[in-house]
Amino acid sequence: MKRFFCVIIIVVCAMQTNAQTKIEKQVAEVVEQLRNAMLNADSAMLYNLTLPALSYGHSSGHIDNQAAFVQKIVSGMSDFVTLEFANQTIAISKNVAMVR
């Protein structure tokens, strides 16, 4: 009986790990879409991938909303020749994904 419960616990834990990995992969795919939209200055995709409540803080302390964020990329004011997200980590908490 103890072995049965141990097997059940291991299976449940494995299922949760696989589900989280699948969600993390989906989040990584969306982050890659955002990276490409930023590189290509794709206004429609940038609006699609961000929320109107976007608050983008610069290291200078300046804060952009969604419209300013998109406008600066599309206008070339923020021009990316290359854009790499090194050492990216994804954490999932309920229905929120945090990417750093």
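At the start of helix H3, a side-chain oxygen of Asn 65 comes to within 3.2 Å of the backbone nitrogen of Ala 67. The model is predicted, and the distances and angles given here are computed from it. At the other end, just after H3, Gly 76 adopts a positive phi of about 90°.

Five residues of H3 are buried: Gln 66, Phe 69, Val 70, Lys 72 and Ile 73. Viewed down the helix axis, the buried residues of H3 fall within an arc of 160°, so they line one face of the helix.

The largest nonpolar core contains seven residues. Its members are Ala 37, Met 38, Leu 46, Phe 69, Val 70, Ile 73 and Leu 83. Two helices, H1 (2-39) and H3 (66-75), each supply at least two residues of this core. H3 provides the largest share, with three residues. In soluble globular proteins, nonpolar side chains tend to be buried together.

Phe 69 belongs to this core. Leaving aside residues up to four places away in sequence, Phe 69 touches Met 38, Leu 46, Thr 50, Leu 54, Tyr 56 and Asp 64. Met 38 and Leu 46 are themselves core members.

A search of the whole structure finds two salt bridges. Side chains of opposite charge can pair when their charged atoms come close. Lys 72 lies in helix H3.

Not counting residues up to four places away in sequence, Lys 72 touches His 58, His 62, Asp 64, Met 77 and Ser 78. The C-alpha atoms of Lys 72 and Ala 41 are separated by 9.2 Å. Along the chain these two residues are 31 apart.

The other bridge pairs the side chains of Glu 32 and Arg 35, at 2.8 Å from N to O. Both residues lie in helix H1. They are three residues apart, about one turn of the helix. Glu 32 is partly exposed, with a relative accessible area of 34%. Arg 35, at 18% relative accessibility, counts as buried.

Strands S3 (residues 90-93) and S4 (residues 96-99) run antiparallel and are joined by four bridges. Within this pairing, Ile 92 stands opposite Ala 97 in S4. The hairpin of S3 and S4 has two residues between the strands. Which residue of the hairpin takes a positive phi? Lys 94 does, with a value near 55°. This positive phi occurs in a residue other than glycine. Lys 94 sits in the loop between S3 and S4. Its relative accessible area is 82%, so Lys 94 is exposed.

A further positive phi, of about 55°, is found at Asn 87, although Asn 87 is not a glycine. Asn 87 is placed in the loop between H3 and S3. With a relative accessible area of 74%, Asn 87 is exposed.

Overall, the chain has three helices and four strands. Along the sequence they follow the pattern α-α-β-β-α-β-β. Buried residues account for 14% of the 100 residues in the chain. Among contacts between residues at least 6 apart in sequence, 40% join residues at least 24 apart.

How values were computed. Residues numbered from 1 in each chain as written. Predicted model: local features only at pLDDT ≥ 70, side-chain atom pairs only at ≥ 80, totals over all residues. Heavy atoms only, no water. Core = buried A, V, L, I, M, F, W, Y, C linked by side-chain atoms within 4.5 Å. Buried < 20%, exposed > 50% of the residue type's maximum accessible area, 1.4 Å probe, protein only. Contact = heavy atoms within 4.5 Å. Arc of directions from axis to C-beta. Polar contact = N/O pair within 3.5 Å; in protein donor to acceptor, adjacent residues only side chain to side chain. Salt bridge = Lys/Arg side-chain N within 4 Å of Asp/Glu carboxyl O. Pairing = 2+ DSSP bridges.
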